[in-house]
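This report covers a two-chain model.

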2 protein chains.
Amino acid sequence: MPESFPAGRRIILLSAQDAREAGLRPYDRVRVSLDSKSATALLSVVEGMIPPGEAVLSLELRGALEVQSGEEVTLSLAGRPKSFDAIRKKMRGEELTPEEIRAIVFDAANYEIGELEIAAFLLAQEFKGMNMNEIVALTKAMVEAGSTVDFGRPVYEKHSIGGVPGNKVSLLIVPIAASLGVFIPKTSSRAITSPAGTADTMEVLAPVEFDLEEYKEVALKAGGCIVWGGKLDLAPVDDIFIRIEHPLGIDPRSQMLASIFSKKLAVGIQGLVMDIPTGKGAKVEDLKDAEALASQFIELGRRFDVRVQCGITYGGQPVGHAVGPALEAREALEALMGGGPASLIEKSTSLAGLLLELSGVTTKGAGQDAAKEALRTGRALDKMREIIEAQGGDPKVEPGDIPVGEYRVELRAPADGYVTDVDNASIATIARLAGAPSEKGAGVLLHAKQGYKVKKGDVLLEIFAERESKLTEAYEAAVRLRPVTVEGMLLRRVPEYL
Amino acid sequence: MPESFPAGRRIILLSAQDAREAGLRPYDRVRVSLDSKSATALLSVVEGMIPPGEAVLSLELRGALEVQSGEEVTLSLAGRPKSFDAIRKKMRGEELTPEEIRAIVFDAANYEIGELEIAAFLLAQEFKGMNMNEIVALTKAMVEAGSTVDFGRPVYEKHSIGGVPGNKVSLLIVPIAASLGVFIPKTSSRAITSPAGTADTMEVLAPVEFDLEEYKEVALKAGGCIVWGGKLDLAPVDDIFIRIEHPLGIDPRSQMLASIFSKKLAVGIQGLVMDIPTGKGAKVEDLKDAEALASQFIELGRRFDVRVQCGITYGGQPVGHAVGPALEAREALEALMGGGPASLIEKSTSLAGLLLELSGVTTKGAGQDAAKEALRTGRALDKMREIIEAQGGDPKVEPGDIPVGEYRVELRAPADGYVTDVDNASIATIARLAGAPSEKGAGVLLHAKQGYKVKKGDVLLEIFAERESKLTEAYEAAVRLRPVTVEGMLLRRVPEYL
């Protein structure tokens with residue numbers, strides 16, 4: 001056996017003899033201690049591979065204890081973690097106190113509770129919900145369980161609840177707002193289920209991975225930035241929650257509110273513009289639900305003295321034409337240079353306008369015009385080049401310099417008619433199968449969107465891939481999924497063989 | 001790195017370079033294939049410990065693929081398992097079809113879904129419930145996902161839903177029924193949260209671990225047996241479910257019904273007597289709930305052509321006086337020899353009586369008398385000795401031969417009065433801290449139970465342990481928990497320091 005190995009969790013391997021003598025059983029939760037440090041781990045009992053008196057620790061457990069080879073650890077059966085009763089209480093649908101919520105968050109952050117307990121907590125939120133007092137406590141605890149930044153000046157942020165492919169608007173909003181003096185040190189995520197997170201797209205133009213000190217420096221230098229939040233230790237327990245929500249396919253509202261807000265509070269925001277894409281296939285499907293969510297964001301802001309503006313935007317199809325990191329980066333750059341699709345410009349300037357009004361740069365009602373002006377005059381483009389340079393990218397980058405996948409295939413309209421639907425989920429699946437987000441050049445370029453009039457044989461969309469095998473996979477999915485619906489199109493032929 | 005290691009889950013370790021080239025990310029669910037076999041696993045990406053082109057598989061994954069060192073496996077991103085949508089559907093509270101339930105059970109049995117998805121399924125059952133059609137389908141699928149036995153003769157079984165310490169009644173019921181010709185090849189569990197499962201207690205008298213063939217042989221030889229179900233592969237997915245329910249502290253009713261029934265159906269039962277202990281601190285606290293559960297067992301039996309009789313028994317305090325494997329085995333043997341506490345005899349003979357009536361050995365109403373007669377005449381004791389011998393134990397064993405913990409301490413009554421409460425959970429905790437069930441001689445002997453009149457200084461209970469340190473732990477807990485309440489006893493002194 002090796003001295004250690006990575007296992008995605010804290011495990012300690014013990015000989016069957018030692019386990020028996022300690023009165024421990026396989027899969028027991030055990031407390032492993034070294035001097036003043038201790039951590040809980042899963043007990044794995046091994047027959048005949050480990051000599052009695054020795055133990056093998058997974059890297060995750062080793063890291064927690066900072067133990068060296070040869071050092072002696074002690075083991076005992078771990079009791080229920082103290083947050084366990086609180087999780088049970090939420091499972092019964094009862095309101096948790098701030099102390100109980102804090103215990104859960106810190107136990108999760110310190111790996112004192114395992115994936116199963118965290119899953120139970122998240123599922124209990126999904127099934128039973130949380131009230132605003134609980135959400136406030138959850139947000140606060142998540143901030144406290146991580147690092148915070150003090151920029152020494154008013155901070156503004158923009159965030160989308162996500163769920164719509166091609167949503168590269170931050171690459172326009174940040175430079176627009178920053179070019180007019182709004183300090184916006186944007187942190188963003190990488191894609192979890194989507195073909196490109198804002199961080200994945202920005203990374204095409206400049207590095208996005210910084211530690212907390214570098215982040216502070218970069219943001220202050222350019223008056224704004226677009227970096228990956230993953231290395232900043234801002235509300236880091238969120239990453240643990242997301243890793244568990246994802247396979248379960250859940251996104252509890254209360255956790256979403258707390259997760260977004262905690263990351264923003266950790267950088268000391270005064271104001272926040274929330275983008276709530278709404279429509280078929282988006283996270284929020286109808287306007288009433290979007291308004292309810294908006295009220296929750298505003299109320300949460302009120303509790304923390306943060307001014308919040310919510311923009312409910314159309315999320316029933318991808319934003320702009322490009323989906324996938326490189327294609328999106330190219331489209332964003334084109335838009336900053338005066339080109340780009342009208343829908344992208346419209347959405348970006350309207351949300352940027354809210355930021356300008358919220359921060360007092362313009363009066364109410366004058367924000368979007370000021371944003372458009374910043375685009376038209378090239379101020380926003382100049383600021384973007386400044387940001388790219390501050391992050392270590394090439395400030396002279398042109399859209400044509402950005403490499404996209406060399407393997408391409410087109411999907412064409414099977415009949416004349418109007419495009420009635422472009423399905424978010426199908427487009428995301430196709431782009432991911434093509435290789436996005438890890439292969440930056442992979443993705444989908446939409447040639448037709450809702451309302452476009454197309455003739456039979458017109459190109460509806462183009463798939464880009466960096467590898468032929470991925471292109472084939474994505475193409476086969478596209479043929480099966482029919483992501484673009486043309487009115488008048490034969491949806492199915494019955495019988496198929498005629 | 002080693003060639004393999006046990007990790008409690010299916011993991012594949014890959015070099016960062018290989019993962020990048022395959023477009024895979026840490027913690028991705030991947031499908032690992034070898035020839036016609038494939039299995040899903042968690043991807044663990046390792047920097048610098050594994051050469052590109054090589055992979056390390058956890059023992060659990062190796063076993064699934066039956067792969068040898070040097071063989072080549074292929075990897076791809078695993079899609080959502082097919083049962084995933086069904087789990088989501090149950091999370092929304094909708095009724096599942098038999099096909100959907102079957103998919104979940106088989107995916108769980110084959111490790112196609114992971115612990116998190118299984119947790120979601122069990123929590124959805126806990127929160128949303130299942131109707132009888134779903135429970136029938138769940139039961140059926142659990143039977144089909146394991147082995148079955150055909151004894152070639154009518155089979156009867158007895159089972160308790162558990163939750164009450166000291167419930168050694170099976171050690172009386174099985175030999176009583178078998179001595180009168182009822183074939184009862186009892187399978188039982190080891191303790192999960194209790195101080196002694198029936199298998200743990202029986203193991204004091206004879207071996208209980210057999211494979212399916214040995215089990216069949218042993219049971220047919222003596223006309224009955226008491227063995228551990230863990231090695232028999234009867235509805236084995238239940239073990240996976242239990243391993244996840246336990247840390248979550250849940251026991252969904254629908255899953256409990258299906259788990260119990262599937263293990264019994266796998267051995268081809270015609271009739272089943274269910275013990276439903278009811279009372280404060282038991283799994284079922286009030287009579288109405290117990291009756292509802294009884295109806296569900298009877299209805300489930302009707303669907304499978306199994307005659308079910310439920311005995312609702314008093315579960316508000318431990319059964320008999322002894323708690324812990326050796327102490328319980330001794331008490332059971334004493335009862336078979338004509339001694340033992342009246343409450344134990346009463347409960348055992350009434351449940352055995354139900355079995356005798358159900359199987360047609362006696363007429364309705366005559367069962368308990370026949371059971372008492374089998375005890376009185378020594379027939380049941382003879383049968384027990386026969387069973388012990390068939391399982392490989394010493395048939396001549398006497399109660400005094402059974403070693404119990406040599407470290408002992410007594411708890412005494414702090415005042416005169418009547419015992420009003422003996423708390424199940426506290427007794428279980430004390431017995432477990434003393435070392436039960438893994439240290440067979442550890443446990444608690446109650447000298448007073450509800451209704452007993454005690455004088456100040458009388459012994460209320462005695463704690464037994466095999467190790468002094470465990471005795472101290474258990475004693476400290478007993479002083480804190482006050483497991484036995486004497487009416488008139490000062491519950492708290494205020495202020496404490498006077």
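This is a predicted model: local features need pLDDT of at least 70, side-chain atom pairs count only at pLDDT 80 or more; totals for chains, interfaces and linings use all residues.

## Helix packing

Residues are numbered from 1 along each chain as its sequence is written, while chains are lettered from A and ligands numbered from 1 in the order in which they are written.

Two packed helices are described by the angle between their axes and the distance between the axes. Axes are lines fitted to C-alpha atoms, for helices over the stretch in contact, and angles run from 0 to 180 degrees between N-to-C directions. Helices (H or I, at least four residues) and strands (E, at least two) are DSSP runs, numbered from the N terminus. The table gives the values for two pairs.

| Helix pair | Angle | Axis distance |
|---|---|---|
| Helix 6 (residues 132-144) and helix 12 (residues 287-303) of chain A | about 60 degrees | 10 Å |
| Helix 6 (residues 132-144) and helix 11 (residues 253-265) of chain B | about 40 degrees | 8 Å |

Helix 6 of chain B is thus oblique to helix 11 of chain B.

Take the chain A pair. Helix 6 of chain A crosses helix 12 of chain A in the right-handed sense. A crossing is right-handed if the near helix is turned clockwise from the far one by less than a right angle, and left-handed if anticlockwise. Helix 6 of chain A contributes A:Met132, A:Ile135, A:Val136 and A:Thr139 to the contact, and helix 12 of chain A contributes A:Glu299, A:Leu300 and A:Arg303. Two residues are in contact if their C-beta atoms, placed from the backbone, lie within 7 Å. The contact residues divide into 4 nonpolar, 1 polar and 2 charged. Here Ala, Val, Leu, Ile, Met, Phe, Trp, Tyr, Cys and Pro count as nonpolar, Asp, Glu, Lys and Arg as charged, and the others, Gly among them, as polar.

Now the chain B pair. Helix 6 of chain B also has a right-handed crossing, with helix 11 of chain B. Residues of helix 6 of chain B in this contact include B:Ile135, B:Leu138 and B:Met142, and those of helix 11 of chain B include B:Leu257, B:Phe261 and B:Leu265. The residues of this contact are 8 nonpolar, 3 polar and 1 charged.

## Chain interface

How many residues of chain A are in contact with chain B? The count is 31 residues of chain A, against 31 residues of chain B. Strand 2 (11-15), strand 4 (37-46), helix 5 (115-128) and helix 10 (237-248) of chain A each supply at least two residues to this side of chain A. Helix 5 of chain A gives the most, with 7 residues. The side of chain A that touches chain B holds 18 nonpolar, 7 polar and 6 charged residues.

Chain A superposes on chain B by a rotation of 180 degrees with 0.0 Å of shift along its axis, at RMSD 0.2 Å. This is the relation of a two-fold axis. Superposition is by least squares on the C-alpha atoms of residues with pLDDT of at least 70 in both copies. The copies meet through the same surface, because 100% of the interface residues of chain A are also interface residues in chain B.

## Strand pairing

Strands pair here if DSSP finds at least two bridges between them. Strand 3 (residues 29-34) of chain A pairs with strand 4 of chain A over 6 bridges, antiparallel. A:Arg31 has A:Thr40 in strand 4 of chain A as its bridge partner. The hairpin of these strands has 2 residues between them, and A:Asp35 takes a positive phi near 50 degrees. Strand 3 of chain A also runs antiparallel to strand 6 (residues 74-77) of chain A, with 4 bridges. There, A:Val32 is the bridge partner of A:Leu75.

In chain B, an open sheet of 3 strands has the order 16-14-18, with antiparallel pairing. Its edge strands are strand 16 (453-454) and strand 18 (484-486) of chain B.

## Backbone details

The peptide bond from A:Ala436 to A:Pro437 is cis, with omega near 0 degrees. A:Pro437 lies in the loop between helix 17 (424-433) and strand 15 (443-446) of chain A. In chain B, a cis peptide bond joins B:Ala436 and B:Pro437.

Key
Angles under 35 degrees count as roughly parallel, over 145 as roughly antiparallel, 65 to 115 as roughly perpendicular and the rest as oblique.
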